[in-house]
Amino acid sequence: MRDPNCIFCKIVAGEIPSKKIYEDETTIAFLDIYPANPGHTLVVAKDHFSTILGIPEDNLYNLSKVLKKVASSIRESMNAEGLNILQFNGSVAGQTIPHLHFHLIPRSKDDGLGFAWPHRQLPEEEMEATRKKLAEKMGYRG
Ligand code: AMP
Ligand code: ZN
């Protein structure tokens, strides 16, 4: 499964170069071309799924194992004090390349990146209505 216009599909096929650090049957990892910090790595499903909603569970399970392995490699090789794992779904959420990928960004105390989403407090009724809606969809009756 590939999209002929997709840059990550072209990287998977070896049609454009990338700085690969890992590859197996279903997953590939390479350095982000515009790293937020040195060692910023993308872990990418080899097949073209636009978002996390499209990937089969087995592929996601394998990808998650690669995520963990890359995370520990980054921690040790880059002396990272911390690590952000980010994954965007849809342009409204900041996704610019619609081919499923996870960002792993090594972090250190003084890297200047910061990280802050404005959080807010919602009324209790709205929180509970939201919980009910989601729990029902999840089949959770706890
Ligand atoms: P996003 O879709 O917003 O999660 O991010 C896409 C990421 O892909 C950005 O961080 C880009 O810097 C990165 N990127 C774009 N083109 C390439 C490329 N040819 N090789 C490696 N990384 C890339
Ligand atoms: Zn693709």
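Trainee: Which residue of β2 is the bridge partner of Glu23?

Mentor: The bridge partner of Glu23 in β2 is Ile28. Before we go on, note that this is a predicted model, in which local features need pLDDT of at least 70 and side-chain atom pairs count only at pLDDT 80 or more, whereas totals for chains, interfaces and linings use all residues. Residues are numbered from 1 along each chain as its sequence is written, chains are lettered from A and ligands numbered from 1 in the order in which they are written, and side-chain values use heavy atoms, with hydrogens and water left out.

Trainee: Why are β1 and β2 said to pair?

Mentor: Two strands pair if DSSP finds at least two bridges between them, and β1 (residues 20-23) and β2 (residues 27-31) are joined in the antiparallel sense over 3 bridges, so they pair. With 3 residues between them, β1 and β2 form a hairpin.

Trainee: What makes up the elements of the chain?

Mentor: There are 3 helices and 5 strands in the chain, where a helix is a DSSP run of H or I of at least four residues and a strand a run of E of at least two, numbered from the N terminus.

Trainee: How many residues surround ligand 1, and which element gives the most to its shell?

Mentor: Ligand 1 is surrounded by 16 residues, the closest being Asp32, Thr96, Ile97, His101 and His103, where a residue is near if one of its heavy atoms lies within 4 Å. The elements that give two or more residues to this shell are α1 (7-12), β2 and β5 (101-107), and α1 gives the most, with 3 residues.
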